[in-house]
Structure formats: structure tokens, C-alpha cells
Amino acid sequence: MPEKLDIELRNIKKEIELMGELSRAMLMDSVTALRDLDIQLAEDVLSRKETLYKMDQNIEEHALKVLTLHQPMAKDMRTLACVLKMITYLTRIGRYGYDIAKVTKEMGGKKHIKKLIDIPAMARIADTMVDDVMQAFKTEDIRSFEDLEERDDILDEERYSIFRECVTYMMEDPRNITMCSHYIMIARYLERCGDHACKIAEKVHYMVTGEWVEIS
Amino acid sequence: MTGMIMEVKDLNLWYGKKKALNQINMRMKKNKVTALIGPSGCGKSTLIRCFNRMNDTIDSVKITGEVLYEGANIYSPSMDVMKVRTRIGMIFQKPNPFPKSVYDNIAYGPRIHGTKRKKELDRIVETSLKKAALWEEVHDRLNDSAMGLSGGQQQRLCIARALAIEPDIILMDEPTSALDPLATSKIEDLIYELKRNYTVIIVTHNMQQAARVSDHTAFMYLGDLVEFAPTREIFENPKQRLTENYITGRFG
Amino acid sequence: MAKGSNGKGDPAIPSPSSSLRKRRLSPRSLLDSSIKGILLFCAFFSIIALGFIVFFLFKEAVPIITQENFIFYRTDYGYWKAPILDMLQGETWRPVSNNNPMYGVKPLIVGSLMVTAGSMIIAIPLGLGCAIFISQLAPSWIRDKLKTAVELLAGVPSVVYGLFGLIVLVRWIKVGFDQPTGESVLAGSIILGVMALPTIISVAEDAISSVTRDIKEASLALGATKWQTISQIVVPASISGITAGIILGMGRAMGETMAVMMVTGNTAIIPDPAYDIFSTVKTLTGTIGIEMGEATGDHQSALFFLAVLLFFLVLGINSIAVYIMGKIKAKHLGLAKPSRLKEMIPENVIIWGSHAIKIAGVLVFLFLLTEWFGFLAGLVIIGMVVTIYLLMKLLKPKAGQYVAYGVVSLAMLATIGALVIIFYYIISEGIGSLISKTDYGYWTPPWWFLLRAPEDQGVGGGIFPAIVGTFYLVVGAILIAMPLGVGAGIYLSEYAKEGRLLRTIRLGIDNLNGTPSIVFGLFAFAFLVIYLDFGISLITGIIILSIMVLPTIIRTTEESLKSVPHSMREGSLALGSTKWETIWKVVLPPSLPGIITGIILSIGRAAGETAPILFTATAFITPSPVDDLFEPTMALSTHIFILANEETGGMPNASGTALVLLIIIFIVYASASYLRRRFKDRIKW
């Protein structure tokens, strides 16, 4: 019955919105923990991994169940196709948060080189991208995608500039190598988050319009 | 359009005062399966019956517009309706074999069109039954009454019967709605095979069947042709809101 | 006590345990049981009646077929003989003879068979053609009118047919074919053919119309023409019903009395040569009819033997019909094994064989036609038939259709033509009695004929006593048959369970229906008139007529009740009604139109019957209407017969009487038709 399908779809959407919030939180909190060298916050982020994976699995099962029992068509089918891919990307984004928290723990309170101005800035950009695409998923309004590519490009540039900066620091003083390699990796993670947000945007675009686009 | 075999131009139909088909325009491709879907009363059965002039048998019907088969309008007065029906065959919703033997059912068509020699008829019967994937099951009881076959077998018999006069187009008006899932699946496989040598136009109220079986799908509503597109498009990303609502089950 | 919402026991709801038990002596259940018993009695009455009639017939036939109480006996010469075999093989029927009465029934059997066969040759093609026309070719606005016309043809009493035959047909044959007399096998065949037509047409038309639309569409979708569909799909699919119609028609023809009595000449001879259709003959029924009034002793016993023969003949025909139809149905359902015989004969033999048979048939037919009508006529007729056949084969199907349509339409025209001719003659010959100029130049008003007593042995005067007599007979018969018939119908439809008992009862009713009317007459004569000593009287007529219309009332009642959907009965029972209450309040009311139609049709039939009352209830002429149940009466139907057999001048008044009878029957059928149509629209399930 269509009513039941509607309810199921609404529920899945809510579940994925929750997952999106969790992913974003994990990412942002991990960068905050990194910046403030807050071990406790890092531990907290680490503990959220279980929940993230569980959500991934639950939503996938839920979506497959709806697929089997309702054989949805058109937009309903596209929504589920989108959802099934989104959970993968959101898991990865949350996972990067987890990885950043892990690194924070490993640093064990060592002082940062410079003020890390760029990494939190990068994180903020990535976060807004994820926020925007999740909002677009919720409202089905894809106009915010217009500048997604630009922001992704910015993330790319930032990553390279952090890379070059760190190389300079590493050449200056070999004692910086440990910290800088962490910074380079984290920058890479954040850039990837931006990529994943773009991928989510592609799926949401398909869900809404039925057309395949490339957003990178 | 390459490979076009039938074209409907500005077709309108009235049952007495009631209008049943509105300005239908569509083109069907050769050797493809075209499905007509839509809620009850949308006119899909009425439309398909126009393609072989079966609506002529109803007194109150009035038709304007053209149905072109290989370029010629089948409704023109110079057209021999019987000949049209030998080129455009029809399978009905409820299997309707004649109360005769299996052999006589299939031989009926060729016989009335002049084939008399037994050897020829034997060959036609065997070929048609093989094409309809029924030969294996009935080859040893060709003289038994057709009424003793199961529903699915009877429907395949009707298909064989239609194939015996070698049509170009096969019209199917909800051919599996009276059959169980296994028989339905056999007929769907058959349609896929038939596509190679014939053109199939099928009316179905079962959307999943249309999705499984057809290359093109036409969605009709209240006598209008709302959307006509490749099947994948209709079911993945329909352009009309009405089509989308029907396909997702929001109405009808 | 059950608790209501206010916490106290609600007195309107009795406690479960005691209230559900059956109250055996409650007035409702008592009524229910006693009514069931009454209805069962009604149903059994018809079997009792038939059984009794059969028993009586046999009993009375015994003397003629036994010698000193044995069927076989040893002659003085020492070998076995059986009178029954003598009778069956004997070629002379001369019951009235001083020293050597002979009771050979062979000529009578031959007579019956020839006339029946002849009637079928006429009625089957015409009937089938009309049935096809009405069902498939006629536009809808004409279809109802044609069906009504056919029903009208069915309602014409046999004595009126006989009168027409006597006035018109016999004369035509005498003059047209230059014969010493027009009374002949031919006349009998034509009249019986027309009489059997409505039966064949209505049953065959029903069967053809009920061929479902989807099979016809399947044929059309294969590119067949409408005629190909009709001839190769529709007719073969309905062959079971068509055969039923033909068999029923044959039964009617075989059992017909009055008309054959009037037009076949009544000489007990076997025609020589056998195909001489201008020869006079005597049928089994005619024999009984003519000789019944004055036969005694052995002669009377012989007549009973004839009745027994007839009974078995009709029974035989019906049994063959049931068997054939069973086979056809099995074949259609796919349950029958295909004929192995057909598969064994090589194909060429079948093809050449059928060609040979066709040619042989044409030659035989040509020969017969030459004998009957002369070589030229024969050639012309054969030529026409062969031309039509070839046209159909050679023309393209679309054009050939029109030839077929033409032939079928001709059949319909011929049938309507027959109806028109008969009515025309009866009206034109009879109107003179109703409206004529007196010697003074005044027009006599029609009611003079209707209200005056007969004069001059019936040749002059009016028919008032006959009208009253028919009225009494019909009313009396209906008063008896209606309660019994409706009761039996209700029992069979509502109470009886499928099984041996039900089948036996139905068998009894069907056979009662198929029994020739003269057999009833004979029974009435021997049992009611003689044995019970009612004498020739009104009461005898009423009783026998009621037995005759009983099966019709039972059948129409049963069918009307059966057409009420089961769900209505179940709804009523689910509310706790008894069976009888359900029947009385829910099932009976919507069936009433159908039941009433059956009763009205029985009125028509009773008014037209002649043979049963000819020697059992009616007097020749009575000056005034009968006023005593045990006195003989006049009746319209018998009056026609009597006048027609008068030597001088009886014809005009006979025609007048026939006209009056036709008008009455016409009114009866019209009201039945009207009722049926009016209530058909009212009832919407």
C-alpha cells in the first residue's frame, strides 16, 4: 500500500538525517579535539564509531527491505538508490573523524606547530559542504549545489598549501616530521570528506531530477 | 522513424455520446514490445482493439483519425477488414479456445483462408505450437479437445492459433491476468522470444509486467495518452506528474 | 442473566443456555414442518399421476396382447405364438369387422414415422435457419418482435392448424398436384413441420445466443467473416442445444393428434411405393383419436396398446436425446476420448467417400423430386440447391457470406410467411361469422356470434355455450393445477436434495410433459369416464386438463425460484427465519412474475387442447351452457373439430370459432409477454 511505503520512506529519510548529523559531529568534534588537544573529547569521538557502523547497517537493511516488499518505482526507487550510496559516504566521513581523533590521542599533548589555522578552516568548509548536501537531501532543493565544486576546489588548494607548508617545516627541523606527517594526512582526510560530500550531492541530484551529473 | 510498423494519428473514439479516446498519437517500432498501462477505464483496451478493428463489432462506436499499418490507413473504406486481421492478430484476456480439438483450433485460421491440404496444415500446426512453446506438451494429443488443457496451456494455444496465420503484429489484451504466476512467467518468456520475429503490443494492468517485458511503455489516463517513452524512462524517471503518481501507486 | 450496561440483567436478552434449545412444538417450527409435508405431497402427486396413468395404460392393453393370460401361447399346431408380435408385424388394421378383426399396427407405425420424418425435413432446416437469423443476423429492434412472433406460432392450438390444413393446404395439394384428394403424407408433414418449428426455433435460438462473445471474437480476430464464424464456430458450439430443440420438436410432431387427424386422410395403409407422399396414411395418434369414442373390448384394448407404443416411442426419443447431448457435452468439455475410428481410415478415403455420398444424395433427391413433382420441377429445385452450394464454395468468403445470409433470411421469411398465411385465412374465413350482413342488410355485431346459442347443428347461430365451457374447463384446471404445481415447484427448488429421489421426480415430470395429449384423453376415457363412472362430463375435462398443465406450472415455478440468488436466502436464514418464512417473504415475491407467466401460458394451453376432452368432456351441441359438473359441455376447441367434420356448411362457423379461440389465446400470450417484460426491468439484483 502506498501509505505504508510513504511512511517507510519518511522513516528511512529521518534515519539517514540522524546519521548525517552523527557523521558531521564526529568530524567537527575530532578537529576541535585536535585543535585543543582535548584527549577526553577524542575518546568520546572514538566511542561513537560503533553507533555509526550500526546505523550504516540498519539503514541498509531497512532500505533493502523496502525494495523487496514494495518494488518502488520512479522517485521512490531513486530515493532508495540514493540512500544506499549515502550511507557509505557518510560512514567514510564519520570514519575520518574517528581517524583524526585517534591521531589526536596519539599526539598525547604535544604542542602544535603554528596555530593550525588552516586545518580547522578546512574542516569548517568540509562541514558546511556536508551540511548543505544533507539539507538538500532533506528539502530536495538542489540549488545549493551550484557552488559545491568551487568549495571542493578550495579544499584541494588548501590541502596542497598545507602540504607545502609542512614540507617546509619538515625540511627545517627533522623533529617536526612526526607532527607534520599527521597534519598532511589529516588535510588529506578533510579533502576526501569534501569529495564525499560532492558524491552525495550527485546522488541527491539523481534522486531529485533523475539525471546523472558529475560534481567534483 | 526507422523500423516503424504502426502509427496512430489523431485517433478519437466515442461510444455513442461518451468519448473514450482523445487525440491519440503514437508510433510503434517493429520487433519491439510496446506496453499500454493505465488505471481501469483509461481506454487502453479500447485503443488496442482499434489496431485490428475489433471495435467494429460494437454498433455504437464512432472513430476519427487514422491507424496506419505500414503506411496504409486500416480504417480506409477500401481496406478489407479480414485481411487486416490476418496481419494483426489478437490474444484476449480470458483464454478462448474453440470447443474443438487442439489441431482444429490451430488449423481453423489457415483453413478459412484457403489452406486445405492436410500435409500443409500439419506443418503449420506443428510450427505454430513450437513457436508458442506448447508443442512438447500437446504433440501427442492433438486430437483431444482444447477445453481439457490448463489455463496457461489454453492461452498458449490461443497464441499458437494466432501465429498460424502469420501476422506481423500480435496484440495482447491483458493476456496473463487470468493465469497463475508460473503460467504468467511462461508467457512472458514467450513474448521475449516472439519479439524476434513479430511486433508485440500488450495491454497490462500489472506494472511490473510492463516493466519486465516491454521496450516502450505508454501510460494512458481517462482516454488520453499521457506519456509514451522507452520503458526504462517511464519507470525510472517519468516526465509527467500523472505518470509518476500512477507508477508509484499514489493513485489507481 | 446477561449484564447490560447499567449493571442489571437486561430482560430482553434471555440467558444463552435455555434460549438456544429447540422448541419442538413451537408454532413456527410446526408450521414449517407441515408445510414441507404439503409441498412434498404436491411433488409426489405428479409422479403418482404419471405412474398411475402408465399402470392403467398397461393394464388396459393387456387383454389384446395376451391369450388366456399368457403373452406367449402354444397353438394347436404346437408352436409358440405371441399376439404382440402378430400386432407388431401385422399389415392390416381392421378393428371393426364381424368375424376377423385385425390389429396389425405396422401401417400405423409407418404412418406416424413418415409424417414425423417429413415434418422434420421441413422443420429442421427452416428452424435452424430462423434460429441463426434471430440470434446472429437480426438487428436488435427486430429480434424481440421475431421472438414474439415465434411464441405466437407456438400458441396456436393444433385444432386450428388442422382447420387451416383442411381449408387451405389440402385444397392446394389436390389442385396443385392433381391428386384425388389433398389429404396426404405431404399435408401432414407440412402442418406438423410448421407446428414443430417454434419449439425448434426457440430452443435452438437460446442455445446459439448463449455461445459466449469471446469465442466469436476469437474467430473474428483470426480474420474470419461473420458467416464463417457462425457456421464453423457458433453453430458447432451450440449443437447440443440445437439437437435438444430438434428432439423436442420431433417429440411434439410424433405426439400430435388433432392436426394429423384432420389432414392425413386416416386410412391405415402403408404407402406403395414407400416414398409416395401423396398417399393417405393413418398415424398412431390419429387412430386413437378417431376410434376412441366407439371402441369396446378388444378394440379398446388395442387402442391402449397403441398408447403404450406411443409412450415408449416418445420415451425412447427423449432418452436418445439425453444420451446424445451427454456425449456432445463431454466432447466439448474435453472429457471424451477422440474417435479412434476416424484416425484409422486413411485421409483419401474420407475425402472421396464424402464426395461420393454427396453425389449419391443429390441423385436420390433428384429421383424423389421427380416422382413427386415431375422431372422439370425436380431439376429446378436440385439446380437451385447445387447452385447455392457451389456459390458458397467458389465465391470469396466475403461475397459468399451474402449468399448464406440470403438463404437464412429466406427461411425466416418462409416462417413468418406461414404465420401470416395461417392468420390471414383464419381471419378471412372466420370474420364472416363474427360480422356479417343479415338479410335485412344490417351488419350483425360480433357479440351475436359470441352470445347466442348454436343453431342448426352448429352450422348457424352462435357459440356461447362453447365459450362458457372453455372458460369453466380452464378455470377449473388452473384451480387444481396451480396449488399443486406451485407447491411441487417450491418443493423441488427449495427443499429437495440432489439424489435419486429428486431425479426420479424430475423424470416423472418431464415424461408427463412429453406424453402425447391423446394418451391423456384415452386415460381419461377409460378411467374417469368409464371406471369411475364420471361419464362424459365437465369434471372429467377439468381433471385431465389439470394433469396436463401441471408439468408446465411446475417447471416455470421451479425455474423462477431458482433464478433468485442464493445470497438472499442465506441472508434471511442468517437472521433466524425458518425455511418457510424465507420462502414466503424473500424468495417467492421476486419469483412471482415468472410463476404467473407460467400459469398464464398454461391457461393458453388448456384453452387450446382438444384431444383430451374430445370424447371425455364434450358433447356435440348443447343449447345452453353446462350447469352441472357431471354433465358434458361444449368447448371452443372441440367445436372447431366437430364443425370441420360436418359434411355441409360447417366451415364458416368453424373458422369463426377458430378466430375467437385465436383472439383469446393471443390476449393470453400478450399479457404473459407484457408481464414478463414489465417485471424483468423491475427486478434488479
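The questions below go through aromatic rings, charges over rings, nonpolar cores and chain contacts in this predicted model.

Me: How many aromatic pairs are found over all chains?
Reply: The search covers the whole structure. Summed over all chains, the number of aromatic pairs is 27.

Me: What kind of aromatic pair do Phe56(C) and Tyr531(C) form?
Reply: The ring centres of Phe56(C) and Tyr531(C) are 6.3 Å apart. Their planes make an angle of 75°. Planes over 60 degrees apart count as edge-to-face. So the pair of Phe56(C) and Tyr531(C) is edge-to-face.

Me: How many residues apart are Phe56(C) and Tyr531(C)?
Reply: Phe56(C) is in helix α2, residues 27-65 of chain C. Tyr531(C) is in helix α21, residues 517-531 of chain C. The pair links distant parts of the chain, and the separation is 475 residues.

Me: Is Phe56(C) buried or exposed?
Reply: Phe56(C) has 4% relative accessibility. The cut-off for buried is under 20%. Therefore Phe56(C) counts as buried.

Me: And Tyr531(C), buried or exposed?
Reply: Tyr531(C) has 57% relative accessibility. Exposed means over 50%. Therefore Tyr531(C) counts as exposed.

Me: Which parts of chain C does the pair of Phe534(C) and Phe630(C) tie together?
Reply: Phe534(C) and Phe630(C) form an edge-to-face pair, 5.7 Å centre to centre. The two residues are 96 apart in sequence. The parts tied together are the loop between α21 and α22 and the loop between α25 and α26.

Me: Which residue has its charged end over the ring of Phe98(B)?
Reply: The charged end sits 4.3 Å from the centre of the Phe98(B) ring. It belongs to Arg161(B).

Me: How many residues are in the largest nonpolar core?
Reply: Some members touch the most other members, among them Val160(C), Tyr161(C) and Ile288(C). Tyr161(C) touches residues including Leu153(C), Ile191(C) and Ile422(C), leaving out residues up to four places away in sequence. The number of residues in the largest nonpolar core is 147.

Me: How many residues are in another core that lies apart from it?
Reply: Its members include Met19(A), Leu52(A), Ile87(A) and Met207(A). The number of residues in this core is 64.

Me: Which chains have the most contacts between them?
Reply: Two pairs of chains touch. Chain A and chain C do not touch, and their nearest C-alpha atoms are 31 Å apart. The most contacts are between chains B and C.

Terms used: Residues numbered from 1 in each chain as written. Chains lettered and ligands numbered in written order. Predicted model: local features only at pLDDT ≥ 70, side-chain atom pairs only at ≥ 80, totals over all residues. Heavy atoms only, no water. Phe/Tyr/Trp six-rings, centres within 6.5 Å; stacked < 30°, edge-to-face > 60°. Helix = DSSP H or I, 4+ residues; strand = E, 2+ residues; numbered from the N terminus. Buried < 20%, exposed > 50% of the residue type's maximum accessible area, 1.4 Å probe, protein only. Lys NZ or Arg CZ within 6 Å of the ring centre and 35° of its normal. Core = buried A, V, L, I, M, F, W, Y, C linked by side-chain atoms within 4.5 Å. Contact = heavy atoms within 4.5 Å.
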